[in-house]
Amino acid sequence: MDMRDIAKLAGVSSATVSRVINGSNLVRPKTAERVRKVIEQTRFVPNGSATTLKYGRSSTYGLIIPDITNPFFPEFIRSFEGILVEKNQDMLMATTDFHVSKMQQTIRRMLVRQVDGVALLAAEIETEPIEALIHHRVPLVTMDRRVAGRGLSDVSIDFGVGMRAAVKHLKQLRHRKIAYIGGSSGLTISDHRIEAFKSAMAGADLKIDQNYIRVGNYRITGGESGMEELLQLKDPPTAILSANDLTAIGALRVIRRHGLSVPQDFSVIGFDDIDLSDIVYPPLTTVRLSRQELAETFYEALDRFGKDAHTVGKQYTVTTSLVIRSSTGPPRPVR
């Protein structure tokens with residue numbers, strides 16, 4: 001069955017069926033409803049390749065993420081895909097697993113599928129894949145790269161707002177010895193997060209002890225190793241801020257493993273507010289980065305390019321906020 005068969009059953013032209021499928025507002029609502037009913041009854045699936053050839057657009061956006069095992073990204077995918085479904089568009093998703101070579105393969109795959117644009121949430125970005133997309137007139141939107149240009153937009157995260165609120169919260173609880181377990185070294189997004197922490201500490205007139213700065217990997221294992229190192233110090237911190245929630249959860253596990261408790265012995269704060277952060281015990285105080293707002297901003301940035309991939313892109317910003325739960329409290333009194 002093809003579009004001509006649908007048109008015959010609905011009593012309309014093939015052009016009208018095509019307009020309904022592509023969301024055109026040139027079809028009367030009653031007629032469009034009749035066509036959609038026939039499509040539903042016959043379970044007709046339009047040929048996407050044919051649509052791409054005719055209109056020059058595939059109605060598909062590419063989405064590239066670094067780590068599908070990090071709950072932050074599936075939660076983003078759920079929000080992003082929900083927006084595309086409402087817009088009658090599709091998504092082609094790929095993960096890089098932090099490998100640059102896999103990134104290059106993924107970009108080639110996106111080009112073959114003729115996606116209308118690419119949302120790139122992976123941090124390991126080289127110039128070559130970006131140039132390949134722009135050369136083939138495929139718009140690109142990156143996350144927290146903080147560079148915009150022709151065919152290129154970026155969505156930056158305002159870590160400062162949430163990090164300042166987190167440090168202020170700990171200071172009000174009378175914490176002065178505050179540690180930070182960061183993300184993977186060498187990534188721009190890791191630099192942005194630790195700079196936000198340092199700036200927040202300076203703004204609160206709190207001293208940064210370099211012994212309290214540890215490198216993680218955005219995974220539970222990184223939080224575990226960082227916390228183990230902090231516990232070995234002669235004068236350990238009383239509070240720990242983390243680059244993300246998985247890191248904080250790793251710290252919670254080590255604290256409990258040593259027979260200590262949160263927040264009585266240590267206060268712990270995560271970053272992202274993944275769904276899991278409200279399920280772990282104790283529920284995690286964290287800096288919230290809304291996946292829904294992030295997804296909406298990425299879609300807005302991609303949609304703005306429309307059919308003109310050479311449009312000069314924009315810099316977008318998504319802010320953060322503090323969510324206070326049970327993993328923070330006053331430090332134990334010094335005896």
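# Reading one fold, feature by feature

Q: In which strand is Asp 272 found?
A: Asp 272 is part of strand S9. Keep in mind as we go that this is a predicted model.

Q: And is Asp 272 buried or exposed?
A: To call that, compare the relative accessible area with a cut-off: buried means under 20%. Asp 272 comes in at 3%, so it counts as buried. Its backbone deserves a look too: phi is near 120 degrees, a positive value in a residue other than glycine.

Q: Which way does the call go for Arg 174, buried or exposed?
A: The exposed label needs a value over 50%. Arg 174 has a relative accessible area of 56%, so it is exposed. Phi is positive here as well, near 80 degrees, and again the residue is not a glycine. Arg 174 belongs to the loop that runs between helix H8 (159–172) and strand S6 (178–181).

Q: Let's zoom out. How many helices and strands does the protein have?
A: The secondary structure comes to 12 helices and 12 strands. For overall dimensions, the C-alpha trace spans about 85 × 40 × 30 Å along its principal axes. As for burial, 51% of the 335 residues are buried.

Q: What percentage of the contacts join residues at least 24 apart in sequence?
A: Start from the contacts between residues at least 6 apart; 70% of those join residues at least 24 apart.

Q: How should I read a pair of packed helices?
A: Two numbers describe such a pair, the angle between the axes and the distance between them. Take helix H1 (residues 3–10) and helix H2 (residues 14–21): their axes come within 8 Å and cross at roughly 105 degrees. An angle of 65 to 115 degrees counts as roughly perpendicular, and that is why H1 is described as roughly perpendicular to H2.

Q: Which residues of H1 and H2 meet?
A: On the H1 side you'll find Met 3, Arg 4, Ile 6 and Ala 7; on the H2 side, Ser 14, Val 17, Ser 18 and Ile 21. Sorted by class, that contact has 5 nonpolar, 2 polar and 1 charged residues.

Q: Could we pick one of those, Ile 6? What is it in contact with beyond its sequence neighbours?
A: Leave aside residues within four places in sequence, and Ile 6 is in contact with Met 1, Val 17, Val 38, Ile 39, Thr 42 and Phe 44. With 0% relative accessibility, Ile 6 counts as buried.

Q: Which residues touch the most other members of the largest nonpolar core?
A: That core has 70 residues, and Phe 80, Leu 121, Met 227, Leu 241, Leu 294 and Phe 298 touch the most other members. Another core, of 14 residues, lies apart from it, including Ile 64, Met 103, Val 115 and Leu 140. Back in the 70-residue core, look at the surroundings of Leu 241: its contacts beyond four places in sequence include Met 163, Leu 170, Tyr 180, Phe 197 and Ile 269.

Q: What about Ser 242: buried or exposed?
A: Ser 242 is buried, at 0% relative accessibility. It is found in strand S8 (residues 239–242). Among its contacts beyond four places in sequence are Tyr 180, Ile 181, Thr 247 and Gly 270.

Q: Now Ser 261. Where is it placed?
A: Ser 261 is in the loop between helix H11 (245–257) and strand S9 (267–272). At a relative accessible area of 25%, it is partly exposed. Its side chain makes a polar contact of 3.1 Å with that of Gln 264. Not counting residues up to four places away in sequence, Ser 261 touches Ile 255, Phe 266 and Arg 332.

Key
Residues are numbered from 1 along each chain as its sequence is written. Side-chain values use heavy atoms; hydrogens and water are left out. Helices (H or I, at least four residues) and strands (E, at least two) are DSSP runs, numbered from the N terminus. Buried means under 20% relative accessible area, exposed over 50%, partly exposed in between (1.4 Å probe, protein chains only). Contact means heavy atoms within 4.5 Å. A polar contact is a pair of N or O atoms within 3.5 Å; within protein, one must be able to donate a hydrogen and the other to accept it, and residues adjacent in sequence count only if both atoms are side-chain atoms. A nonpolar core is a set of buried Ala, Val, Leu, Ile, Met, Phe, Trp, Tyr and Cys residues joined through side-chain atoms within 4.5 Å. Axes are lines fitted to C-alpha atoms, for helices over the stretch in contact, and angles run from 0 to 180 degrees between N-to-C directions. Angles under 35 degrees count as roughly parallel, over 145 as roughly antiparallel, 65 to 115 as roughly perpendicular and the rest as oblique. Ala, Val, Leu, Ile, Met, Phe, Trp, Tyr, Cys and Pro count as nonpolar, Asp, Glu, Lys and Arg as charged, and the others, Gly among them, as polar.
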